[in-house]
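Colleague: I am new to this one. Can we go through it step by step?

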Amino acid sequence: MLQIARSKARGRARVRFLAGDAASPPLTPTTFDAVLCRHVLWALPDPAAALRTWVRLLRPGGRLVLVEGPWSTGAGLPGRLTVDLLRQQGLAPVLEPLTAARYWGAPVEDERYVVTAAARPTRDGDSGPWGRRRDRRTRRRETVRRGEPSADRPGPGGGP
């Protein structure tokens with residue numbers, strides 16, 4: 001598989017491949033913007049432990065993306081169980097069905113889905129985009145997004 005992946009990535013910058021345990025990859029925690037797993041979680045001996053590891057790999061606000069499904073053979077993981085496993089990690093997963101034939105090359109009868117979940121923001125005062133310390137411009141943008149008046153956008157009656 002690594003040989004095929006390397007040939008597909010030939011000519012692309014900043015692509016690195018490693019061989020390792022999918023449930024416990026040899027990677028540094030909090031260094032990834034996304035972790036994508038396709039049809040692997042159901043085959044692991046301890047899916048909950050793998051999810052804990054994958055979530056630890058994410059930077060604050062990073063995204064976990066899981067493409068899974070129970071197959072007509074009986075193998076696989078139903079969406080509700082994947083969602084439950086992520087909720088046990090303290091995440092707020094979103095499940096979306098992936099049943100369109102264009103995803104699979106033919107119509108499918110079994111449940112196929114993608115579940116996404118964002119890593120929790122840090123609470124330790126990290127100065128990154130999800131930490132507590134934010135400059136005035138960031139706080140102002142957040143205020144405007146919530147629809148509250150600001151100097152640039154007056155409230156009802158024209159005043160702040």
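Colleague: Which element gives the largest share of the lining of the largest pocket?

Modeller: This is a predicted model. The largest share is 6 residues, and it comes from strand 1.

Colleague: How many residues of the lining are nonpolar?

Modeller: Sort the lining of the largest pocket by class. Charged residues number 4, and there is 1 polar residue. The nonpolar count is 20.

Colleague: Now to another site. Is aspartate 110 buried or exposed?

Modeller: Aspartate 110 sits in the loop between helix 4 (101–104) and strand 4 (113–118). Its relative accessible area is 14%. The cut-off for buried is under 20%. Because 14% falls under that cut-off, aspartate 110 is buried.

Colleague: Which residue joins its side chain to that of aspartate 110 in a polar contact of 2.8 Å?

Modeller: Start with the surroundings. Leaving out residues up to four places away in sequence, aspartate 110 touches Pro70, Trp71 and Ser72. A polar atom of the aspartate 110 side chain lies 3.4 Å from the backbone nitrogen of serine 72. The side-chain to side-chain contact of 2.8 Å is with arginine 112.

Notes
Residues are numbered from 1 along each chain as its sequence is written. This is a predicted model: local features need pLDDT of at least 70, side-chain atom pairs count only at pLDDT 80 or more; totals for chains, interfaces and linings use all residues. Side-chain values use heavy atoms; hydrogens and water are left out. Helices (H or I, at least four residues) and strands (E, at least two) are DSSP runs, numbered from the N terminus. Ala, Val, Leu, Ile, Met, Phe, Trp, Tyr, Cys and Pro count as nonpolar, Asp, Glu, Lys and Arg as charged, and the others, Gly among them, as polar. Buried means under 20% relative accessible area, exposed over 50%, partly exposed in between (1.4 Å probe, protein chains only). A polar contact is a pair of N or O atoms within 3.5 Å; within protein, one must be able to donate a hydrogen and the other to accept it, and residues adjacent in sequence count only if both atoms are side-chain atoms. Contact means heavy atoms within 4.5 Å.
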